[in-house]
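Let's take a walk through the aromatic side chains of this model. Have the structure open and follow along.

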Amino acid sequence: MRTLVLCVDRDDDFGSKTGLNSPFIGREENLNAAMSLGVKDPELDELIEELEPPEELPDLVETMTPPDVNPDMTPPPDVQDFTPSPMMDTVTELDIASDALSPIILKNLAPGNMANRSGSGRAAAIGAHGGQWGQYAEAAVLRALAWLKANQNPDGSWGTRDREGYTGLALLTFLAHGETTASAEYGQTVEKGIRYLVARQNEKGEFVKTENSGGVYGHAIASYAIAEAYGMTRIPSLKPVMEKCVQVIINGQQSHGGWIMYTFGKGDVGRWDVSLSGFCIQAVKAAYIAGAQNKGLKDTLDKAAAFLKARQREDGGFPYSASNPGRQPNMTAVSVLCLQLMGYGTDSEVKAGLRYIRDADASWSKPEQAPLYSWYYVSQARFHEGGASWSSWNNKFAPALIRNQNKDGSWLSPGLALTGDGVTREFRGDVMNNKVYATTFAALSLQVYYRFLPTYQPIEDKVYDQTSDNDIQIEIL
């Protein structure tokens, strides 16, 4: 059984499961030469090289002039509706319909909902939260988006296996930047990715698992992407797709409130997996915000919060699984972020978890366990915490990612060449999959300045009723 592996179980046999028996896959420059498709952007390369940040970094976030980004978007075209085929490998026959303009260009949006993903909102957020790294981070993100566009498969997917999960990660990266089917530069890229996932859903709502696709992780990530895609585009055909895939996650929640790896079927209550649970929680929360009407959405989130709180240890850390109960910074950050998303940001468990990851590092030369995965979650958790904690972390992770982006716009995990030690590995697969994995996680981390809306936002216990020509109501859990 193959899954999109984002976990960090140190007992796993990396070589036997991937066919990559050497702990050293090769030097980065050799990998780049072998895999690069030649995506170049001389202006952005020059920006990174010429604007070298100072060695002495400030402790506090400074407001700065945001980068010049293009906020223009146009409404999606009027095309025919579609009926998804559950087992289709190509999606050229599918048509996407929309009965509303993208929320990116709607007026009277609920405060703090989607505005930060628009061009002007994104620029303002970068200026407010990016400190001196904001403009470099945005340049790196733009290069990453160009690389992802150039490396999309003809059928709309990404990667060579576990394609549902990798496609979900790539779509989340474009959506985080405000790119929808209406985007002039990336509209077709986003649409092809959405079409691919829709075509892979069967009648039960599952994203079809075949030889080169991936199980529960892939389903959770793909569901997350579909929920955000519907929330940002209001394509009516996506709503039932979203509700069906989220229902699979709801049905797969165990009696203890979490989820278990490898199956959405009911299993032994002694088994649980915080990593998978994190993606399931994010998918359900995104669907809730997007307006999914599945029965039990709120109850699912309440049970998930209780599950996470019950797993916390006395020192504030959270474990990975029942079989790997040692506290880990990455799993602690997963748990803290999910609790923040579910409205528990001021609770004692969150405060204790934030103290536990207070000393998290972002060293590229000496990476911690599952570094890119960990930084993705730590960045969001500490962004929500704000203040000096966020400033300190921003001055660690942002330059580490910016300075280690490959010339073609992609990234490779810093743990890739260190997989033999059984600690830092976070990835199994070929080089292209590693690049898609690393590039999406790195870009999503650098998009934290604006990406946290609409899904990643402080929860408010009230409903915003916005009045517009489209009469859209957004409810915040």
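One aromatic cluster brings together Tyr217, Phe279, Tyr373, Tyr376, Tyr377, Tyr437 and Phe441. Please bear in mind that this is a predicted model, in which local features need pLDDT of at least 70, side-chain atom pairs count only at pLDDT 80 or more, and totals for chains, interfaces and linings use all residues. Residues are numbered from 1 along each chain as its sequence is written, and side-chain values use heavy atoms, with hydrogens and water left out.

In total, the structure holds 16 aromatic pairs. Rings of Phe, Tyr and Trp (its six-membered ring) pair if their centres lie within 6.5 Å; planes under 30 degrees apart count as stacked, over 60 as edge-to-face and the rest as tilted. Have a look at Trp272 and Phe307, an edge-to-face pair with 6.1 Å centre to centre and 75° between the planes. Trp272 sits in the loop between helix H9 (238-252) and helix H10 (274-290), while Phe307 belongs to helix H11 (residues 297-311), so this pair ties together parts that are 35 residues apart in sequence. Helices here are DSSP runs (H or I, at least four residues), numbered from the N terminus. Both Trp272 and Phe307 are buried, meaning under 20% relative accessible area (1.4 Å probe, protein chains only).

Now turn to Tyr373 and Phe441, a tilted pair at 6.2 Å centre to centre, with 50° between the planes. Tyr373 in helix H14 (residues 371-385) and Phe441 in helix H16 (residues 431-446) are 68 residues apart, and their pair links distant parts of the chain. Tyr373 is buried, with a relative accessible area of 0%, and Phe441 is buried with a value of 0%.

How values were computed. Helix = DSSP H or I, 4+ residues; strand = E, 2+ residues; numbered from the N terminus. Buried < 20%, exposed > 50% of the residue type's maximum accessible area, 1.4 Å probe, protein only.
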